[in-house]
Amino acid sequence: MPNQLHQLPVAAGIGLRMPHIQKVLDTRPDVAWWEVHAENFFGGGANLAALDRIRADWPISLHGVGLGLGNAEPLRQAHLSEWKQLIDRVEPAAISEHLCWNAWQNDYFNDLLPLPYSEAALAHMIERVGQVQHALGRPLLVENLSSYVAFPEDVIPEGEFLAELARRTGCGLLVDINNLYVNERNLGRDAKAAIDALPVEAVAEIHIAGFETRDDGLLIDTHGAPVCEPVWALLDYAYQRFGPVPTLLERDTSLPALESLLQESGRAATLLASHQTIQQEGR
């Protein structure tokens with residue numbers, strides 16, 4: 001199995017959603033790389049043909065949202081097979097999934113549900129990530145989750161849980177800065193402490209996104225708003241800790257015009273470039 005965690009350019013990318021694909025093909029915007037939800041391209045068809053055209057000119061990251069890495073049931077082999085076929089065809093620069101579960105027996109949930117940060121959950125995730133990496137033949141990037149509940153079984157801090165998962169499986173980490181901020185606001189977890197706990201060498205990709213605030217103050221990770229100032233500040237802190245890392249702007253609801261996303265990702269590109277300069281000058 002290849003050891004390299006990813007082949008993404010150290011630059012800003014954008015989450016490419018179906019309504020924008022034709023415009024991307026027509027206008028060929030100045031974006032370093034794109035990330036797509038893998039399941040949207042299972043089974044072939046016109047969507048996959050369009051992705052082939054985009055892949056011809058840009059690096060692609062395949063981001064899974066439906067595998068259910070943390071499910072109690074055995075991994076669904078049909079889903080893994082679709083993943084493998086897509087990887088073989090697209091030859092993505094990175095592949096990723098979430099630290100979550102989404103099914104129980106025959107019921108499937110259209111959400112990414114959190115696991116407790118317990119020793120039992122860690123052992124389960126180590127086994128599951130190992131199985132997935134063996135089946136797909138390459139390292140997986142595992143993304144931290146936003147959560148609205150804490151469990152009595154949470155005995156391992158979030159950052160340490162992810163660090164140990166990476167150390168014992170060889171997986172990479174996709175660090176969602178917005179999720180860390182949402183968890184800090186909703187659950188009182190220290191986002192900077194989580195960043196400090198992560199092994200620099202395992203961090204292969206960063207996500208940024210926006211959230212919505214309910215009347216009772218709870219933050220909901222909708223990916224439906226621009227990135228807020230505290231998340232930009234936390235991204236800057238993450239670059240100080242990790243150095244420059246490929247960084248993706250996500251937007252899934254209230255999808256704006258592509259031009260708006262290009263403008264917002266430009267801010268990430270500028271911040272990333274400033275840290276690349278700092279790194280090159282050895283400051």
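A quick definition to start: a residue is called buried under 20% relative accessible area, exposed over 50%, and partly exposed in between, using a 1.4 Å probe and protein chains only. What you have here is a predicted model, where local features need pLDDT of at least 70, side-chain atom pairs count only at pLDDT 80 or more, and totals for chains, interfaces and linings use all residues. Numbering runs from 1 along each chain as its sequence is written, and side-chain values use heavy atoms, with hydrogens and water left out.

Let's take the whole chain first. It has nine helices and twelve strands (DSSP runs numbered from the N terminus: H or I of at least four residues for helices, E of at least two for strands). For 283 residues, a compact globule would have a radius of gyration near 19 Å, and the chain agrees with its 18 Å; that radius is taken over C-alpha atoms, and the globule rule is 2.2 Å times the number of residues to the power 0.38. The C-alpha atoms fill a box of roughly 50 × 45 × 45 Å along the principal axes. Of the 283 residues, 55% count as buried. Among contacts (heavy atoms within 4.5 Å) with a separation of 6 or more, 79% come from residues 24 or more positions apart.

Now for the rings. A search of the whole structure turns up four aromatic pairs; rings of Phe, Tyr and Trp (its six-membered ring) pair if their centres lie within 6.5 Å, and planes under 30 degrees apart are stacked, over 60 edge-to-face, the rest tilted. Tryptophan 101 and phenylalanine 109 have ring centres 5.9 Å apart and planes at 85 degrees, so this pair is edge-to-face. Tryptophan 101 is partly exposed at 26% relative accessibility, and phenylalanine 109 is also partly exposed, at 37%.

Tyrosine 117 and phenylalanine 161 make a tilted pair, 4.9 Å centre to centre with 55 degrees between the planes. Tyrosine 117 sits in the loop between β6 (107–113) and α4 (119–136) and phenylalanine 161 in helix α5 (residues 158–169), so the pair ties together parts 44 residues apart in sequence. Tyrosine 117 is buried at 6%, and phenylalanine 161 is buried at 0%.

Helix α5 also holds leucine 162, which is buried at 4% relative accessibility. Leaving aside neighbours within four places in sequence, leucine 162 is in contact with Leu99, Asn144, Leu173 and Leu198. Leucine 162 and glutamate 143 are 19 residues apart in sequence and 8.8 Å apart in space, C-alpha to C-alpha.
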